[in-house]
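Please keep the structure open beside them while you read.

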Amino acid sequence: MNKAVENLVVVENRRLTAHHSLLRLTSSTSLPPMIPGQFVEVLADGSTSTFLRRPISINLFDADNNELWLLVAIVGDGTKAIASKEKGDKLNCIFPLGNGFSIDINPASRVLLVGGGVGVAPLLFLGRRLSEAGVAPSFLLGARTADDILEREMFEQTGKVYITTEDGSAGQRGFVTNHTILADESFDMIYTCGPNPMMKAVASYAYNNKIRCEASLENLMACGLGACLCCVEKTVDGNLCVCKDGPVFDTRKLLWNK
Amino acid sequence: MANLNVNIAGLSLPNPVMTASGTFGYGIEFSDFVDLSQIGAIIVKGTTLLPREGNDYPRMAETAQGMLNCVGLQNKGVDYFCERIYPELSKYNSRFIVNVSGSSPDDYAECASRIDALDGIPAIELNISCPNVRQGGMAFGVTTEGAASVVREVRKRYHKTLVVKLSPNVTDIADIARAVEGAGADAVSLINTLMGMSIDIEHRRSRLSIGTGGLSGPAVKPVAVRMVWQVARAVKIPVIGLGGIMNAADAIEFFMAGASAIEIGTANFIDPQVTIKVRDGIDKWLDEHGCLSLQEIIGAVR
């Protein structure tokens, strides 16, 4: 799959919360095929203190409308500069990067997509693709408070949604791994993206219940292309680049349960 | 169109723009973005006699106008390079130079001799300046005796163009340059990264797994230009300049300081097409200033 570097144009910047923007981007040419779990290296033009691009996962690829969606969490000057782009502005992007989630699965599979914080972003795209393939996805989404749950309606249009919040302001109180759905139902496949402690807990649950699990990692990156070897994760095959060999890994390959 | 050809001790290049080791993979990683044959030369990632896993994560910290890294020479070893990577590189009509590192003069020499046997690799760059591995690398590059000893051993067993990459983490880089020239180096490249550190104040710990790392990017450019200027006045062999080059104007500073060619490193992470843009920008600048050849500006600043 060829990678491109291109100035994409902002169609809309929707402020989802005080710290999250949804950027809908388009191109004058046809966007290339993309797989859920892949990401974009975005140039943070105008950032005062940062220098490197910011890796941001693909929230949705809408081929019909030739749109690429990025859900940006504002955590520093780089992401702040990216999230400040308005309709008509250009955003320099390298994409699509990395390997995506496994979507070629039996349609009868019971799949659970577990996301935390801005880690829910690639799961919307994944859920849509699974749904198109005849798989009925369930989502388990964790957030600090009810206000921090991102794109809830979009997820609800795609599958069953279960929520946990740390303060109990929506869904069940606690972390995603505390949700009763994990005890009440059984799954054949789990996909997860979010903070590392959350993903490790989800991977551990999957491991103990002999469920296949894929996690999307977000180690600090420089190049995004597998050249600098900065974003490595220890695996059964040695140090692998999250940007090129991931960001999605089968959790059995990671040294998390050791 | 000015004449951009350069000749570095027998190594003939169509233009002076090379990629710095460790920032461009084997080149193949960037083949979707640039025509590799258009780049002067591609210096592939550091290769050692035996495979190395490198240092633990985190290996990178972003800093003001730059970044620190402590990758630690992760690579699959010279045999893997010769058997698996080299045949792939042979498919591209480009010029590949291998960056060679080691932990003893014998190590370096053995690794270099294996590369010597590859017809399609016209030169090596000897890394005696990596700040991120305890043994090898910088340990040799910070004394005149250490630097000369490695170059002497390699020179005995390597017969093509031998470039030696110098560390800026020294008292007098011109002394080191003279020492490697005396030991048989055909050219020197500088600077490798400047040793630095960045602290996460909330967690009261370094942002890098091994504590320190090498600083690269625009932040180091003035230091690099100064060192290239000093070295170019101290040795007769060609000097290859690198350190924070982001655009053609940066590159021209290095030429004027005395560099015969340049390497682009960290900028590849920001713009995967920067090498070609810099080449075209140098050409344009020379045209606009009435220069028929790049040679006219090399060492222009005395």
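What does the accessible surface of chain A come to, and what share of it belongs to carbon and sulfur atoms?

1. The accessible surface of chain A comes to about 10,700 Å², of which 47% belongs to carbon and sulfur atoms, where accessible areas come from the Shrake-Rupley method with a 1.4 Å probe and, for residues, only the protein chains shown count as cover. For chain B the accessible surface is about 11,600 Å², with 50% belonging to carbon and sulfur atoms.

2. Before going further, please note that this is a predicted model, in which local features need pLDDT of at least 70 and side-chain atom pairs count only at pLDDT 80 or more, while totals for chains, interfaces and linings use all residues. Residues are numbered from 1 along each chain as its sequence is written, chains are lettered from A and ligands numbered from 1 in the order in which they are written, and side-chain values use heavy atoms, with hydrogens and water left out.

3. Chain A has five helices and 15 strands, helices (H or I, at least four residues) and strands (E, at least two) being DSSP runs numbered from the N terminus. Its radius of gyration is 17 Å, close to the 18 Å that the globule rule gives for 258 residues, so chain A is as compact as a globular protein of that length; the radius is taken over C-alpha atoms, and the rule is 2.2 Å times the number of residues to the power 0.38. Of the 258 residues of chain A, 58% count as buried, a word that means under 20% relative accessible area, with exposed being over 50% and partly exposed in between (1.4 Å probe, protein chains only).

4. Chain B has nine helices and 16 strands. The radius of gyration of chain B is 18 Å, close to the 19 Å from the globule rule for 302 residues, so this chain too is as compact as a globular protein of its length. Buried residues make up 62% of the 302 residues in chain B, and its C-alpha trace spans about 55 × 50 × 40 Å along the principal axes.

5. In chain A, an open sheet of seven strands has the order β10-β9-β8-β7-β11-β12-β15, with mixed pairing; two strands pair if DSSP finds at least two bridges between them. Strands β10 (172-173) and β15 (248-250) of chain A stand at the edges, each with a single partner strand, so one side of each has no neighbour in the sheet. Strand β9 (residues 160-165) of chain A runs parallel to β10(A), to which two bridges join it, and Thr165(A) stands opposite Arg173(A) in β10(A).

6. Helix α2 (residues 121-132) of chain A packs on this sheet, touching β7 (111-116), β8 (137-143) and β11 (189-193) of chain A, and its direction makes about 165° with that of β7(A). Contact here means heavy atoms within 4.5 Å, and axes are lines fitted to C-alpha atoms, for helices over the stretch in contact, with angles running from 0 to 180 degrees between N-to-C directions.

7. Is strand β5 (residues 67-73) of chain A enclosed or open? Seven of its seven residues are buried, so β5(A) is largely enclosed by the rest of the structure. Strand β2 (residues 20-26) of chain A pairs with β5(A) in the antiparallel sense over seven bridges, and four bridges join strand β4 (residues 54-62) of chain A to β5(A), also antiparallel. In the hairpin of β4(A) and β5(A), which has four residues between the strands, Asn66(A) takes a positive phi near 50°.

8. In chain B, a closed barrel of eight strands runs β3-β4-β7-β8-β9-β10-β15-β16, with parallel pairing. Neighbouring strands of this sheet are turned by 25° against each other on average, direction ignored. Strands β9 (residues 161-165) and β10 (residues 187-190) of chain B pair in the parallel sense over three bridges, and the bridge partner of Val164(B) in β10(B) is Val188(B).

9. Of the 145 residues in the largest nonpolar core, Phe81(B), Ile124(B), Leu126(B), Val154(B), Leu166(B), Leu190(B) and Ile282(B) touch the most other members; such a core is a set of buried Ala, Val, Leu, Ile, Met, Phe, Trp, Tyr and Cys residues joined through side-chain atoms within 4.5 Å. Apart from it lies another core, of 50 residues, including Ile56(A) and Phe139(A).
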